[in-house]
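My entries follow in the order in which I checked things.

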Amino acid sequence: MIGTFSIFPIFYTFYLSLTDWDGFSRVRSFVGLNNYIRLFSSASFWQSIKVTFYYAAGVTLLSVLGGLVLAAAINTAGRLMFLYRIVFFIPTVTSFVAAAVVWRSLFSPAGFLSDTFRSFGLSLNWLGSPILAMPALILVGAWMRLGFNTVIALAGLQSIPKAYYDRAKIEGAGTWHIFRFITLPLMKPMVLLLCVMSIVDAFLVFDLPYVMTGGGPVEATNVVGLLIYKNAFHYYKMGFASSIAISVFLIILLITLIQMKVFRFGKEA
Amino acid sequence: MHNNYFKAIMTLVRKVGMHLFLLFLGFWVLMPFLWMITASLKPPELFNAPPHLIPIYFHWSNYIVAFQTAPFGRYYLNTLIVVLGIVPSQLFLSSLAGYAFARLNFWGKKLLFMLLLSTLMVPMYVTIIPSYLIIKKLGLLNTYLGLILPFAVSAFGIFLFRQFYVSFPKELEDRALIDGCSRLQIWRYIFLPLSKPALAALGIFSFLFAWNSFLWPLIITTDPKMWTIQLGLAMFSGKYTTHWTPLMAGTTVSVLPAIVLFIVFQKYYIKHLVLSTRLG
């Protein structure tokens, strides 16, 4: 099963990326690297790579920082800890589609969020503006990611032996010093892992922009997931879509390799 | 003495402050849900009135309107069938394969396991076009089987069970082996009954995955009768863009099962979520 739906397709996609095919007809011409040449000279492709990186960076920054702050706060909450953990995790288990629909209404002119901004004198058309649509998507993406990062960071914080802190306190270390010389170094590998996982996940986003913006306005939120979907299943350019998919694969692979390299570096140091 | 009082008060203030901070953030994180439920109960003509977050109207007919304009009942049924196909087969196949990887010695085991793990890193876009073509070739577009098949087992599930079984002591099955039990019997009567935490974790994982999945149903179902709940909701939202009140009613109905199940099983879910990141 895994062979059929995971391993075989990798090679097949690579093969398809070298052809020109609509998915139906018998004619499937081998075009070599033509798809890739067309891809790298396509403005839409570079635009989508740009906005996808924008989205991934935004979501990662917000959700990892937010998750760390939340985890640190929840870690001091004592008996109520499990309750907070559930509360902050709920957005993570809702579907992207439901989240997209609800947030679309929150951003609509009569929505609570637009109204809150209006009360500060900011009347903004979030999803209709090429400049604001992406920040709006990032906010929703980070909202959905926050719970995951919080839970993992909390587990990391709790795995630090309490004896370290007790010892530091006896020796007269202040809060800042404890954070700087105990918490930070011990949490560093985990923070890095969270960042990489968030970037990779966010890079593959599809449902959220599909429902919230459809890629618009003017390709401002046209992430690579949407680009692949549209080419493969709207325009039936299977070969061209495959070449985008392979490019995405290579980018993800590169990110993962960099992570491994940094991890090894971190261990030696 | 004064100093001690001062210290105690400071600790209290800090504690209360921390809870207030968490409550404040908790409010903002849960606000979209409050908004969704409140909006789903508003009379449609009052949606544009000044927004509020606590329900003051109880206009239940939005739910009836939602079910009449879009066949949410049918979407529910479809999703349920897909979930009932995916979850048991995930549990069965993953625990069996996990057992094989943990206990049996067969040719090429290491290589196969490495291959399995490496598929975890492959983004779905790389596999989605060939998967679609396979399902099409098998004539399974617009069928339940087509919705279930690619997700009937997962590398993640096998990995989860393998890690779980590797930690079992060898003595557990030694006696049974001497007594002449087959490997399959050992799995069925010794390993499986001890697998409850892993079964619960993978069960809730695969349920949420199946319940929330969108891209795959979008690609392989063109017949509205086969739409799952997420697909139905997305299409409803695309068609009735600003009919907010029934739209919110439909959304509420679609998120409720996932949230309830998560709260019931959260202990297992979170524990295995944390374990799963350790592999990185």
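This is a predicted model: local features need pLDDT of at least 70, side-chain atom pairs count only at pLDDT 80 or more; totals for chains, interfaces and linings use all residues.

Entry 1, a glycine after a helix. I began in chain B, where B:Gly180 follows H8(B) and has a positive phi, near 90°. For burial I used C-beta atoms placed from the backbone: a residue is buried if 20 or more others lie within 10 Å of its own, exposed if 12 or fewer, and partly exposed in between. Helices are DSSP runs of H or I with at least four residues, strands are runs of E with at least two, and both are numbered from the N terminus.

Residues are numbered from 1 along each chain as its sequence is written, and chains are lettered from A and ligands numbered from 1 in the order in which they are written.

The predictor gives the complex an ipTM of 0.86 and a pTM of 0.86. Chain B averages a pLDDT (the predictor's confidence in each residue, from 0 to 100) of 85, and 98% of its residues score at least 70.

I counted 13 helices and zero strands in chain B. The radius of gyration of chain B is 25 Å, well over the 19 Å that the globule rule gives for 280 residues, so the chain is more spread out than a compact globule; the radius is taken over C-alpha atoms, and the rule is 2.2 Å times the number of residues to the power 0.38. Along the principal axes, the C-alpha atoms of chain B fill a box of roughly 80 × 75 × 35 Å. Buried residues make up 39% of the 280 residues in chain B.

I found 60 residues of chain B in contact with 62 residues of chain A, where contact means that the C-beta atoms, placed from the backbone, lie within 7 Å. H13(B) gives the most to the side of chain B that touches chain A, with 15 residues. Which classes do the residues of that side divide into? They divide into 46 nonpolar, 14 polar and no charged, with Ala, Val, Leu, Ile, Met, Phe, Trp, Tyr, Cys and Pro taken as nonpolar, Asp, Glu, Lys and Arg as charged, and the others, Gly among them, as polar.

Chain A has twelve helices and two strands, and 41% of its 269 residues count as buried. H4(A) has 13 residues and reaches 19 Å from its first C-alpha to its last, close to the 18 Å expected, yet a kink of about 25° lies at A:Val87, shortly before the proline A:Pro91. A:Phe89 lies in this helix (residues 81–93) and is buried, because 21 other C-beta atoms lie within 10 Å. Leaving aside neighbours within four places in sequence, A:Phe89 is in contact with A:Gly147 and A:Val151.

Most residues other than glycine have a negative phi. A:Val218 has a positive phi near 45°; the residue sits in the loop between H10 (207–212) and H11 (224–233) of chain A and is exposed, with 10 other C-beta atoms within 10 Å. B:Asn142 has a positive phi of about 60°, lies in the loop between H5 and H6 (144–148) of chain B, and counts as partly exposed, with 15 C-beta neighbours inside 10 Å.

Definitions and conventions: Two residues are in contact if their C-beta atoms, placed from the backbone, lie within 7 Å. The expected span of a helix is 1.5 Å times one less than its number of residues. The bend at a residue is the angle between axes fitted to the seven residues ending there and the seven starting there.
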